[in-house]
Amino acid sequence: MKKIMLDVDTGIDDALGILLALRCGEVELLGISTVNGNVSVDTATANTCKILDLAKNNTVPVIRGAHAPLMRKPVFEHRVHGQDGLGGALKEVIPSTERIRKDSFGPDFLIEQVQKYPGEITLVATGPLTNVALAISKYPAIVHELKELVIMGGVVRGFGNVTPTAEYNMFVDPEAAKLVLGAGFPKLRLVGLDVTRRALLTDEHIRSMGDSPLAEYVAASTADYMLRYYERNGVQACAMHDPLAVAAAIWPKLLTSERYYVDVETKSELCDGQTVCDFQNRLQRAPNVDVCLEVDAEQFLARFVNALSQTEQ
Ligand code: BDR
Ligand code: CA
């Protein structure tokens, strides 16, 4: 079993990433820290608890993290994820909150777990990188003690999804993203829009999950998300950004990456949050990131559907 921790801003696709980790049967999920992003950190925490309840899990702890980016104001993404962050699917549900570790803070919990299992944990961050940046600032050795950091964020060859150049997670806290990318992680993989936009979940995939409360939830939470994707792209589907990052940690061979120097813009009116990838080594800096550029999307989606079709374990 792979030891994994998730750092999430639980919106629709974060939730699907959590479900993938829980249901794939290959992961020991040590904990989930939450961060301000798509929704407030309190809503992200409540949503995470709702998803764990839905999956009938009562072992994974949830730890509330940063309530705002390092230096900027929050920028919520209700436009995409709905007012509640889960496309309205679990709006009336009251989560059980006993699993929230009220005595801890997201970045501290990350540090604690890495100290407990040095060299063993893969951290998958699918929200703004505020918690990860705070953990590095408090405990710089985390960079060498994590087995790997997988980040859903950025785009190096295409357009942004919140500004013309920036992907949402990078845009919300670019100072944190810059700190994390520049921290010297020996193994840091970036799963950006370059690949996540090719991993599209359709109604057909959802139908093939069969009849179960989980399949019903996936259909309900993605319905509006798919409509908005359709309005913009003319395709009835939704991009599986965060689940693909989780899959990258579980099944690394689904993606192909190349190693480059990547930095994040923080001082530009138009380009803040842009991930700048030095493909031609113009800056002559040591490569710091494995940038995912290809994905076997069909295989990923098949594995995702299969995992979510599994009954409780
Ligand atoms: C990322 O932004 C968020 O809205 C999603 O949850 C995902 O993590 C995609 O750009
Ligand atoms: Ca997210």
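Reader: Is the crossing of H1 and H11 left-handed or right-handed?
Author: This is a predicted model. In it, the axes of H1 (residues 12–23) and H11 (residues 213–233) come within 10 Å. The crossing of these two helices is left-handed.

Reader: How are H1 and H11 oriented to each other, roughly parallel or roughly antiparallel?
Author: The axes of H1 and H11 cross at roughly 155°. Angles over 145 degrees count as roughly antiparallel. So H1 and H11 are roughly antiparallel.

Reader: How many charged residues are in the contact of H1 with H11?
Author: H1 brings Ile12, Ala15, Leu16 and Leu19 to the contact, and H11 brings Leu214, Val218, Ser221, Thr222 and Tyr225. By class, seven are nonpolar and two are polar. The number of charged residues is none.

Reader: Are H1 and H12 roughly parallel or roughly antiparallel?
Author: The axes of H1 and H12 (residues 241–250) come within 6 Å and cross at roughly 30°. Angles under 35 degrees count as roughly parallel. Therefore H1 and H12 are roughly parallel.

Reader: How many charged residues does the contact of H1 with H12 have?
Author: H1 passes H12 in a right-handed crossing. Asp13, Asp14, Leu16, Gly17, Leu20 and Ala21 of H1 meet His241, Asp242, Pro243, Ala245, Val246 and Ala247 of H12. By class there are seven nonpolar and two polar residues, and the charged ones number three.

Reader: Is Ile250 buried or exposed?
Author: Ile250 sits in helix H12. Its C-beta neighbours inside 10 Å number 20. The cut-off for a buried residue is 20 or more, so Ile250 counts as buried.

Reader: How far apart in space are Ile250 and Ala215, C-alpha to C-alpha?
Author: Leaving out residues up to four places away in sequence, Ile250 touches Lys2, Cys24, Glu26 and Val27. Ala215 is 35 residues from Ile250 in sequence. In space, C-alpha to C-alpha, the two are apart by 22 Å.

Reader: Are H4 and H5 roughly parallel, roughly perpendicular or oblique to each other?
Author: The axes of H4 (residues 106–116) and H5 (residues 130–138) come within 8 Å. They cross at roughly 60°. H4 and H5 are therefore oblique.

Reader: How many nonpolar residues are in the contact of H4 with H5?
Author: H4 passes H5 in a right-handed crossing. Gly106, Pro107, Leu110 and Ile111 in H4 meet Asn131, Leu134, Ala135 and Lys138 in H5. By class, two are polar, one is charged, and the nonpolar ones number five.

Reader: Is Asn281 buried or exposed?
Author: Asn281 has a positive phi of about 55° although it is not a glycine. Its place is in the loop between E11 (275–277) and E12 (289–295). Asn281 has 10 C-beta neighbours inside 10 Å, so it counts as exposed.

Reader: What is phi of Gln284 near?
Author: Gln284 lies in the loop between E11 and E12. It is exposed, with 7 other C-beta atoms within 10 Å. Its phi is positive in a residue other than glycine, near 55°.

Reader: How far apart in space are Leu270 and Thr163, C-alpha to C-alpha?
Author: Leu270 is in the loop between E10 (262–264) and E11. With 10 C-beta neighbours inside 10 Å, Leu270 counts as exposed. Thr163 is 107 residues away in sequence, but in space the C-alpha to C-alpha distance is 7.9 Å.

Reader: Is Thr97 buried or exposed?
Author: Thr97 is in the loop between H3 (78–81) and H4. It is 60 residues from Gly37 in sequence and 20 Å from it in space, C-alpha to C-alpha. Thr97 has 12 other C-beta atoms within 10 Å. The cut-off is 12 or fewer, so Thr97 is exposed.

Methods:
Residues numbered from 1 in each chain as written. Chains lettered and ligands numbered in written order. Predicted model: local features only at pLDDT ≥ 70, side-chain atom pairs only at ≥ 80, totals over all residues. Axes fitted to C-alpha atoms, helices over the stretch in contact; angles between N-to-C directions. Helix = DSSP H or I, 4+ residues; strand = E, 2+ residues; numbered from the N terminus. Parallel < 35°, antiparallel > 145°, perpendicular 65-115°, else oblique. Left-handed = near helix turned anticlockwise from the far one by under 90°. Contact = placed C-beta atoms within 7 Å. Nonpolar A, V, L, I, M, F, W, Y, C, P; charged D, E, K, R; others polar.
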